[in-house]
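Here are a few exercises to work through with the model open in your viewer. Try each task before you read its solution.

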Amino acid sequence: MLNTSRGIWDRKWLTNDGPLHAALERELASFLDVSHLSLFCNGTIALLVALELLEIDGGEVITTPFTFPATTHALHWNRIQPVFCDIEPDSANLDPDRIEELIGPKTRAILPVHVYGRPCAVEAIQKIAEKHGLHVIYDAAHAFGVKYHGKPLVSYGDLAVLSFHATKLFSTIEGGALISDSELQRKRVNFLKNFGISGEETVVGPGINGKMNEFQAAFGLMQLGVVEQEMENRSHLARVYRTGLKDIPGLTMFQEASNTVPNNGYFPVLIDARDFGMTRDELFEILRECNIVARKYFYPLISHAACYASLPSAAPSLLPVAERISRQVLCLPIYGSLQPEIVEHICRVIVECRRINMPDLAARG
């Protein structure tokens, strides 16, 4: 591996497809078992370029309201109207049974999100897309290293976009990648992310500045050396959570997806106030008072944002599952250096929260 500590200054090459950038692209493609990977300064720009690559610059795209704002904002910036589709209760992913009723003459693509790294119903979604002549672009921001039926989850669909933000399982501090399915597409992606420049005196078309710099690439190369251990540690912590939180009325853990090698990037639970004895928000506040930083991820739904709330598809009555899960979900702390004893303590706090609220639960009848 190239020296990542002082080589940048020795070479005086800070950005523009430097040697560390090239090395990270090669090593990431190998690690993820994909053939065509392009690095980006962040995942949002990668998603913008994915839409541009497929020439989706208007019309409508069917997507989920249960996602980070970047997913939907990328559509807006490409002059596309999002059409929100409800999600599955067991996965929190786009519900394929609800997609076809939303397809109209302006529909150009489907943009699902592999929420928490759990695979979308990729076979069903692909079948719908082929039937109606639509593209499928996966927001795979949570799906680093996940395998489904023995294949990288990021290899499904026409394109897949990864995020390497500082909060992600694998990080370049800021950063992302676009997975395409041909070398021709990868070359066009690289033009698009570098102002459309193909040489010192040639611009082949309008592009954007989406390049990853050498410092981000250096951080990524160091992270790549420890990411397998990180995933292994998280897998152990997830088992500790599942043991400590099993059979608690009102608390639901997502079942491990079948035929999947997960990355355990997140550990979400759902809190049903009637059976648990307190609301998700009440439990959230108690955990914060105990210095346990959980997240309401994703809450509120992006369909509630002022810029999208007036869309016909954003009506809460059309998104009942997403509305419920967004009010119940809580992602508990999970990261590789977290000690199992701390996870056990978190479980005990949650169990105790329910126990002390049993009188309230009985009163609710």
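**Exercise 1.** This is a predicted model. Find the salt bridge between Arg186 and Glu25, and work out which parts of the chain it ties together.

*Solution.* Start with the side chains: Arg186 and Glu25 meet in a salt bridge, at 3.9 Å from N to O. Then check burial: both Arg186 and Glu25 are buried.

**Exercise 2.** Which residues are linked with Glu25 in a network of salt bridges?

*Solution.* Look at Lys193: it forms a salt bridge with Glu25, with the closest N and O atoms 3.8 Å apart. That pair links distant parts of the chain, since Lys193 is in the loop between H6 and strand S10 while Glu25 is in helix H2, 168 residues away. Now test burial against the cut-off of under 20% relative accessible area: Lys193 has 6%, so it counts as buried, and Glu25, at 12%, is buried as well. Put together, the network links Glu25, Glu183, Arg186 and Lys193.

**Exercise 3.** Are the residues on the two faces of strand S15 buried or exposed?

*Solution.* Recall that side chains in a regular strand alternate between the two faces of the sheet. Val329 and Cys331 are on one side of S15, Leu330 and Leu332 on the other, and all are buried.

Conventions
Residues numbered from 1 in each chain as written. Predicted model: local features only at pLDDT ≥ 70, side-chain atom pairs only at ≥ 80, totals over all residues. Heavy atoms only, no water. Buried < 20%, exposed > 50% of the residue type's maximum accessible area, 1.4 Å probe, protein only. Helix = DSSP H or I, 4+ residues; strand = E, 2+ residues; numbered from the N terminus. Salt bridge = Lys/Arg side-chain N within 4 Å of Asp/Glu carboxyl O.
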